[in-house]
Amino acid sequence: MNASTDSTPKTAMVTGANSGLGFEAAAQLAESGYDRIILACRTVEKAEGAREQLAARVGSDPFETLAVDVADLASSKAAAAELIQRGDRIDALLLNAGVVPGDQLNMSSDGLEIAFAASLLGHHVITMELLEAGLLDGARVVIVGSE
């Protein structure tokens with residue numbers, strides 16, 4: 001996802017951007033020329049912490065924050081509504097956030113198995129809302145999963 005070959009401002013959103021693959025992807029998107037990277041994390045505090053670390057790492061601050069718990073459908077809908085209100089087109093959507101369920105069956109606040117809710121349903125809600133609002137026209141949507 002190299003943005004440097006086009007002078008049009010580029011925006012990316014990364015879920016789970018406060019650690020692991022999401023953090024590294026956000027850094028690389030900034031380093032490759034994306035003008036705006038939305039760090040979508042479970043809490044504002046996690047997103048702001050990631051923003052500070054990423055800005056120090058890449059030497060600039062193209063980062064914005066968004067609180068979203070993708071295991072919670074209401075939180076996913078609220079995050080999508082906030083993005084729609086901001087009104088900016090998203091060129092790359094990296095759907096990375098998820099949870100490791102462990103040995104116990106854990107349920108989300110919606111009564112859904114937590115890993116399924118976080119890895120698929122919350123991301124689906126956000127993606128569909130943004131598609132319907134026309135904010136993902138021509139965007140790359142990347143779904144990442146790991147164990």
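Strand β1 is mostly covered, with 5 of its 5 residues buried. Keep in mind as you work that this is a predicted model.

**Exercise 1.** Work out which residues of β1 lie on one side and which on the other.

*Solution.* Start with a general idea: in a regular strand the side chains alternate between the two faces of the sheet. Now sort the residues of β1: Thr11, Met13 and Thr15 go on one side, while Ala12 and Val14 go on the other. Finally, check the cover: the residues on both faces are buried.

**Exercise 2.** Describe the largest nonpolar core and say which elements build it.

*Solution.* Here's the background: in soluble globular proteins, nonpolar side chains tend to be buried together. In this model, the largest nonpolar core has 19 residues, and those with the most contacts inside it are Val14, Ala26, Ile37, Leu39, Leu54 and Phe63. Now trace the suppliers: β1, α1, β2, α2 and β4 each give at least two residues of this core. The top contributor is α1, with 6 residues. Apart from this core lies another, of 15 residues, among them Leu66, Leu93, Leu135 and Leu136.

**Exercise 3.** Decide whether serine 19 is buried, partly exposed or exposed.

*Solution.* Locate serine 19 first: it sits in the loop between β1 and α1. The cut-offs are under 20% for buried and over 50% for exposed. Serine 19 has 42% relative accessibility, so it counts as partly exposed.

**Exercise 4.** Find the buried side of helix α3, then look at the helix's two ends.

*Solution.* Begin with the length: α3 covers residues 73-86 and reaches 20 Å from its first C-alpha to its last. Its buried residues are Ser75, Ser76, Ala79, Ala80 and Leu83. They span an arc of only 135 degrees around the axis, so they are on the same side of α3. At the start of α3, a side-chain oxygen of aspartate 72 comes within 3.1 Å of the backbone nitrogen of alanine 74. Just after α3, glycine 87 has a positive phi of about 80 degrees.

Conventions: Residues are numbered from 1 along each chain as its sequence is written. This is a predicted model: local features need pLDDT of at least 70, side-chain atom pairs count only at pLDDT 80 or more; totals for chains, interfaces and linings use all residues. Side-chain values use heavy atoms; hydrogens and water are left out. Helices (H or I, at least four residues) and strands (E, at least two) are DSSP runs, numbered from the N terminus. The expected span of a helix is 1.5 Å times one less than its number of residues. Buried means under 20% relative accessible area, exposed over 50%, partly exposed in between (1.4 Å probe, protein chains only). The arc is that of the directions from the helix axis to the C-beta atoms. A polar contact is a pair of N or O atoms within 3.5 Å; within protein, one must be able to donate a hydrogen and the other to accept it, and residues adjacent in sequence count only if both atoms are side-chain atoms. A nonpolar core is a set of buried Ala, Val, Leu, Ile, Met, Phe, Trp, Tyr and Cys residues joined through side-chain atoms within 4.5 Å.
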